Amino acid sequence: MTGVRAWFVPTGRLRRSDWWLRYVLPIALLGLVASALDASLWPTAWPRFSSQPDTADLADVLFVFPDQGGPLTSLVALVSVVPSIAAMVTRLHDRDHSAWWLLWGLLPGIGWLVLFVTLGLVGTQYRLNRYGPPPR
């Protein structure tokens, strides 16, 4: 697969650098741009970038599950949910782990730490595993 389809549903194994540069960084930037556009186009949308006392602060902006959101932020979240999960699965396959490892995210505190270290910090296994040859 090539092009947009390969980005939405990656197959095989995914190197750590590709995961950061092709998925984490672009999705985070899209989310920030969508939040900024929501704040300027729909001022009542949440989160709001303002220093007024009754509005959201930086901790609210960085919170993963806001109570409300603007339409662009919601659209970016819906569009990016499939590629982000698929990229995490292919990254886990690169480490020779199954997709069941995503269930670590359900454990408070330690679960997200295990996933962050496994997906984002531990390098590629440069040997054949049950999910295929190492990525090029």
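This is a predicted model: local features need pLDDT of at least 70, side-chain atom pairs count only at pLDDT 80 or more; totals for chains, interfaces and linings use all residues.
**Entry 1, helix α5.** I began with α5, where Gly111, Val114, Leu115, Thr118, Leu119 and Gly120 are buried. Buried here means under 20% relative accessible area, exposed means over 50%, and partly exposed lies in between, with a 1.4 Å probe and protein chains only. Residues are numbered from 1 along each chain as its sequence is written, and side-chain values use heavy atoms, with hydrogens and water left out.

Next I looked up what covers those buried residues of α5, and the cover includes α2 (16-41) and α4 (71-94). I also checked the length of α5, which runs over residues 110-121 and has 12 residues. From first C-alpha to last, α5 reaches 15 Å, close to the 16 Å expected at 1.5 Å a residue. The expected span is 1.5 Å times one less than the number of residues.

How many helices and strands does the protein have? I found five helices and zero strands, in the order α-α-α-α-α from the N terminus on. Helices (H or I, at least four residues) and strands (E, at least two) are DSSP runs, numbered from the N terminus. Buried residues make up 31% of the 136 residues.

I then turned to contacts, meaning heavy atoms within 4.5 Å. Among contacts between residues at least 6 apart in sequence, 64% join residues at least 24 apart. The accessible surface comes to about 8,900 Å², and 70% of that belongs to carbon and sulfur atoms. Such areas come from the Shrake-Rupley method with a 1.4 Å probe; for residues, only the protein chains shown count as cover.

I found Pro10 in the loop between α1 (3-8) and α2. Is Pro10 buried or exposed? Pro10 counts as buried because its relative accessibility is 12%. Leaving out residues up to four places away in sequence, Pro10 touches Tyr23, Ala86, Ala87 and Thr90. I also noted that Pro10 and Ile85 are 75 residues apart in sequence, yet 10.0 Å apart in space, C-alpha to C-alpha.

Thr90 has 3% relative accessibility, so Thr90 counts as buried. With residues up to four places away in sequence not counted, Thr90 touches Pro10, Thr11, Gly12, Arg13 and Leu14.

My next stop was Pro26, in helix α2. Pro26 counts as partly exposed because its relative accessibility is 26%. Pro26 and Ser80 are 54 residues apart in sequence and 9.8 Å apart in space, C-alpha to C-alpha. Beyond residues up to four places away in sequence, Pro26 touches Trp20 and Leu21.

Where is Asp96 found? I located Asp96 in the loop between α4 and α5. Its phi is near 65°, a positive value in a residue other than glycine. Most residues other than glycine have a negative phi. At 23% relative accessibility, Asp96 counts as partly exposed.
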